[in-house]
Amino acid sequence: MNIRNLDLNLLRVFDAVYAARNISRAAEHLGLSQPATSHALKRLREHLGDPLFVRSGSGLAATTRAEQLIGPVREALDAIRVAVEGVRFDPASLQRKFRIVMHDPLEPVLMPPLIARLMREAPGASLELLPIYGLDAMDELNNRRIDLAFPLYVAEHPQICSAQFGTIEFVCIARHGHPEIGATLERSDFDRLGHVVLIPSLRAKSGIEEILVSQGCQRRTVVEVSKLWSVLTLVAASDLISIVPRMMAMSMQEKLGLDIFPMPYDMPRVSLSMSWHISDEADPGHAWLRRVIGETIAAGMPGDATSDAG
C-alpha cells in the first residue's frame with residue numbers, strides 16, 4: 001500500500017461507517033449520497049485489500065483489520081482537525097453533565113475506573129446514571145434527553161450511532177456451600193431448586209424464560225423482584241438460586257459469598273453496545289468520553305465483557 005495514493009477523505013468515510021455501522025446513516029452524517037459513500041468505502045477496501053465491514057444482522061460488523069485501524073485513523077483525523085482549526089480539546093476544561101442509560105451489571109464494573117479517570121482528567125464533568133428498564137433508550141437518545149445508552153438490543157434508527165464492545169454471558173449463582181449443590185450444577189438441580197427471578201415485565205426483556213422453556217426447563221419461582229441487585233443479596237442469604245450476568249456475579253462474588261456455575265442449559269450471549277445520537281459524533285467532549293469508556297473496557301473488566309471496539 002502506498003500512502004501517497006490514498007485519498008484522505010476515504011478515512012472520514014471509514015470513521016463514519018465504523019461509528020454508524022450503517023451506510024445510509026454514515027452518508028447522512030457526512031452529507032453525501034448513499035451511492036457516493038458506498039463507492040468511497042469500496043475504494044478504501046480495494047486500497048487496503050480488506051472488506052473492513054461485513055454484514056451482521058441488520059447492520060455492519062468491523063473486521064479485525066478495521067478494529068486495528070480505527071484508533072490510529074481517528075487520532076490522525078483529530079490531528080488534522082487540530083492543525084486546521086488551531087484548537088486541541090482539553091478535557092480539563094470540560095464542564096458538562098452526561099446523562100447515561102446503563103445496564104445494572106455494567107454499572108459497578110465500569111463506573112469505578114471510569115469515575116477515577118474523570119476525576120483525574122475532567123474534574124468539571126459529571127455523570128447521571130439512569131436505569132435501562134422503563135425507558136426507551138433509542139427514543140431518549142433521538143429526543144436528546146440522554147447522551148449515551150447501553151441498550152439491551154440496538155434498534156435501527158437513522159440518527160443513532162452504535163458500537164459493539166463485548167458480550168454478556170449468563171451464569172447461575174448460589175450461596176457458597178449450598179447444601180444441595182456439588183462441584184457442578186446439574187440440570188436436575190437447576191430445575192428442582194427454588195429461584196429468585198425478576199418480575200414478568202422485566203424478565204420478558206431478556207428473553208431468558210423463552211430460551212429455557214424451549215429446552216424443556218420450567219424454573220420453580222419462589223421470589224420475584226423488581227431490581228436485579230436484589231437477586232444477588234437474596235441468593236446469598238438463602239438456599240435459592242438465580243441467573244445473572246457473569247460480570248455482575250464476579251463483581252460481588254467475594255463480598256456476598258457466592259458460587260458461580262455455568263448454565264446447565266444453552267444460553268446465548270447478549271451483545272454489549274454503546275449508542276449515541278449522530279449529532280454528538282463530532283462533539284469533542286462527547287467523543288472524548290466515548291473514547292475513555294472504550295479504553296476503560298479495553299483495559300479489562302472482570303467478568304465476560306471483552307472489548308470489540310476500537
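This is a predicted model: local features need pLDDT of at least 70, side-chain atom pairs count only at pLDDT 80 or more; totals for chains, interfaces and linings use all residues.
## The main core

Let's start inside. The largest nonpolar core has 46 residues, and the most contacts within it belong to Leu-106, Phe-150, Phe-190, Leu-212, Leu-289 and Ile-293. Several elements each contribute at least two residues to this core: the strands β3 (96-102), β6 (160-168), β7 (170-175) and β12 (270-277), together with the helices α5 (107-121), α9 (208-214) and α12 (284-298).

Setting aside residues up to four places away in sequence, Leu-289 touches Phe-98, Ile-100, Leu-114, Leu-118 and Leu-148.

## A second core

There is also a second, separate core, made up of 25 residues. Among them are Ala-16, Leu-41, Phe-53 and Ile-70.

## Aromatic pairs

The structure holds 4 aromatic pairs. One of them joins Phe-14 and Phe-53 in a tilted arrangement, with 5.7 Å centre to centre and 40° between the planes. Because Phe-14 sits in helix α1 (residues 9-20) and Phe-53 in strand β1 (residues 53-56), this pair ties together parts 39 residues apart in sequence.

Arg-21 lies over the face of Tyr-18, 4.3 Å from the ring centre.

## Helix α11

Helix α11 spans residues 246-256, and its buried residues include Met-247, Met-248, Ala-249 and Met-252. After α11 comes Gly-257, which has a positive phi near 75°.

Definitions and conventions
Residues are numbered from 1 along each chain as its sequence is written. Side-chain values use heavy atoms; hydrogens and water are left out. A nonpolar core is a set of buried Ala, Val, Leu, Ile, Met, Phe, Trp, Tyr and Cys residues joined through side-chain atoms within 4.5 Å. Buried means under 20% relative accessible area, exposed over 50%, partly exposed in between (1.4 Å probe, protein chains only). Helices (H or I, at least four residues) and strands (E, at least two) are DSSP runs, numbered from the N terminus. Contact means heavy atoms within 4.5 Å. Rings of Phe, Tyr and Trp (its six-membered ring) pair if their centres lie within 6.5 Å; planes under 30 degrees apart count as stacked, over 60 as edge-to-face and the rest as tilted. A charge sits over a ring if NZ of Lys or CZ of Arg is within 6 Å of the ring centre and within 35 degrees of the ring normal.
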